[in-house]
Amino acid sequence: MKDRFSGGYRLGLFITFEGCDGSGKSTQARMLKAYLTEQGHDVVHTREPGGSPGAEEIRGLILNGDMDRWSPETEILLFTAARRDHVERVIRPTLARGGIVICDRFADSTRVYQGVARADLRPVVDQLHELMIGIEPDHTFLLDIDPDESLNRGLQRIGAEERFESFGADLQRAIHAGFSRLEDEFPERVHRVSGEGEIDEVFERVRALADSIISAKSAPTPN
Ligand code: TMP
C-alpha cells in the first residue's frame, strides 16, 4: 500500500475501530490485540485522540473543560495536530517495520463527529486530512449498535473527560447515520460488524473478519 505521506510503501497492516460512544470498540480492539499477539504478530494497540505522549496532552485539551472551550474549527485543528504527531511517532514507524496497528478511532471519527454530527465541516476535515495526514487505514471495523443502546452505555461510562459527555439521543442518531454513510463511501475498507450480543459473541465476528483479512494479505499474489 502506497503511503503518500512518507512517499514510501507500507509493509504492515493498519486496522481502525470506529463506532458510536459506548459501541464496545475499545474492548474489541483490546481483545483483537491480545489475539493477534498470541498468533505471533507484532501488534501495537493505540487510540485517538492520543496514542503518543504529545497527542495524549492534546487529548486532555480537547476533552476537558467547558463545552464552549473550543470552536468546532479549533477542535478540528487540535484533533488533526494530535493525529499528525500520532502518525509520525507511532503509526508510520510501526507500519514501516511491518507491524500491525490497531487504532481505536482515527480520521473517520473526525469525518463523522466534526464533519456531520457535532458540526457541519466535512470539506474542512477532508482538506486538512489531505494536507496533513495523507494515510487511510487498510481496514476499518465499524462496531454497530442501536444508537439508543449506545446512548445508555455511553452515559454509564461518564468520567473525567467531560467536554464530550453531552450524549443526546439526536446526536447519537446523527453519529450512527454518519458512520453508516462512511460504509457506503468506502465499501472496500469499512466493514460493519454487529456489536449486539455478549462481548465474546461480538469478538467471534471481529476475529473471523481479522482472520480473513490476514489470510488474504498473506496469500501469494499472482504474477
Ligand atoms: P473515546 O471516548 O472513544 O476515547 O473518544 C473521545 C471522544 O472524542 C468521543 O466522544 C469521540 C470524540 N472524537 C471526535 O469528536 N473526533 C475525533 O476525531 C476523534 C478521534 C474523537
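By class, the residues of the shell around the ligand are five nonpolar, three polar and seven charged. The model is predicted. In total, 15 residues surround the ligand, and the closest are Asp 21, Arg 59, Arg 105, Thr 110 and Gln 114.

**Ligand site**

Several side chains place an N or O atom opposite an oxygen atom of the ligand, as listed here.

| Side chain | Distance from its N or O atom to a ligand oxygen atom |
|---|---|
| Asp 21 | 2.7 Å |
| Arg 83 | 3.4 Å |
| Arg 105 | 2.7 Å |

The ligand has 480 Å² of accessible area on its own, and the protein covers 93% of that.

Three helices each supply at least two residues of the shell: helix 2 (53-63), helix 3 (72-96) and helix 4 (107-117). Helix 4 gives the most, with four residues.

Arg 105 is among the residues closest to the ligand, and its place in the chain is the loop between strand 5 and helix 4. The phi angle of Arg 105 is near 75°, a positive value in a residue other than glycine. Most residues other than glycine have a negative phi, and most peptide bonds are trans.

A cis peptide bond is found between Glu 48 and Pro 49, with omega at about -10°. Pro 49 belongs to the loop between strand 4 and helix 2. Helix 2 is also one of the helices that supply at least two residues of the ligand shell.

Five strands form an open sheet in the order 4-5-3-6-7, and their pairing is parallel. At the edges are strand 4 (43-47) and strand 7 (190-194), each of which pairs on one side only. On average, neighbouring strands of this sheet are turned by 20° against each other, direction ignored. Strands of a sheet pair through backbone hydrogen bonds, either parallel or antiparallel.

Within this sheet, strand 3 (residues 13-19) pairs with strand 6 (residues 139-144) in the parallel sense, over five bridges. Glu 18 stands opposite Leu 142 in strand 6.

**Helices across the sheet**

Helix 1 (residues 25-38) lies across strand 3, strand 4, strand 5 (100-104) and strand 6. Relative to strand 5, helix 1 runs at about 165°. Helix 7 (residues 169-185) lies across strand 3, strand 6 and strand 7. The angle between helix 7 and strand 7 is about 130°.

Key:
Residues are numbered from 1 along each chain as its sequence is written. This is a predicted model: local features need pLDDT of at least 70, side-chain atom pairs count only at pLDDT 80 or more; totals for chains, interfaces and linings use all residues. Side-chain values use heavy atoms; hydrogens and water are left out. A residue is near a molecule or strand if one of its heavy atoms lies within 4 Å of it. A polar contact is a pair of N or O atoms within 3.5 Å; within protein, one must be able to donate a hydrogen and the other to accept it, and residues adjacent in sequence count only if both atoms are side-chain atoms. Accessible areas come from the Shrake-Rupley method with a 1.4 Å probe; for residues, only the protein chains shown count as cover. Ala, Val, Leu, Ile, Met, Phe, Trp, Tyr, Cys and Pro count as nonpolar, Asp, Glu, Lys and Arg as charged, and the others, Gly among them, as polar. Two strands pair if DSSP finds at least two bridges between them. Axes are lines fitted to C-alpha atoms, for helices over the stretch in contact, and angles run from 0 to 180 degrees between N-to-C directions. Contact means heavy atoms within 4.5 Å.
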